Amino acid sequence: MTVYYVDNQNAQSTSPFSSWAQAARWVSSIAQIDAAGDIVYVAARHAETTATGTSWTWAGTSSSPTRIICADNTSGNPPTSTSTGASVSTIGAANLTLVAGATSVYFYGINFSIGTASTAADLT
């Protein structure tokens, strides 16, 4: 099991994204490299927006899901407290596919806002 960190306000985004100081800027960066059972901590202040459709393919399985958890980025590595407040948004007609294929993923504390009021978009 690997632990990853995501915080789009991090100026030092450096692979392997193994601490808040090296956090990936985008959740999709981790979706491309995760393995079954990995944990992804997303900073409560994270606010990711995209204008293009995207798909996150996770490697989790039913017996070993990938866990994406919103956390307090000031509470250490790994964080000692979960949180809410992280957001992932699309604008216009941009779709977001959270689970592509036969995978198991658990999300906690992340707000998803898909499309705009005047344009249809899908969260699948």
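Helices (H or I, at least four residues) and strands (E, at least two) are DSSP runs, numbered from the N terminus. I count residues from 1 along each chain as its sequence is written. The model is predicted, so local features need pLDDT of at least 70, side-chain atom pairs count only at pLDDT 80 or more, totals for chains, interfaces and linings use all residues, and side-chain values use heavy atoms, with hydrogens and water left out.

**Serine 87**

I found serine 87 in strand 6. Serine 87 is buried, at 17% relative accessible area. Buried means under 20%, exposed over 50%, partly exposed in between (1.4 Å probe, protein chains only). I then listed its contacts (heavy atoms within 4.5 Å). Leaving aside neighbours within four places in sequence, serine 87 meets His46, Ala47, Glu48 and Asn111.

**Cores**

I looked up the nonpolar cores, sets of buried Ala, Val, Leu, Ile, Met, Phe, Trp, Tyr and Cys residues joined through side-chain atoms within 4.5 Å. The largest has 19 residues. Val6, Ile30, Val40, Val42, Trp56, Trp58 and Ile110 have the most contacts inside it. Among the elements that each supply at least two residues of this core are strand 1 (3-6) and strand 6 (86-90). Helix 1 gives the largest share, three residues. Apart from this core lies another, of eight residues, including Trp20 and Ala71.

**Glycine 37**

Glycine 37 sits in the loop between helix 1 and strand 2. Glycine 37 is buried, at 9% relative accessible area. Not counting residues up to four places away in sequence, glycine 37 touches Met1, Ser64, Pro65, Thr66 and Arg67.
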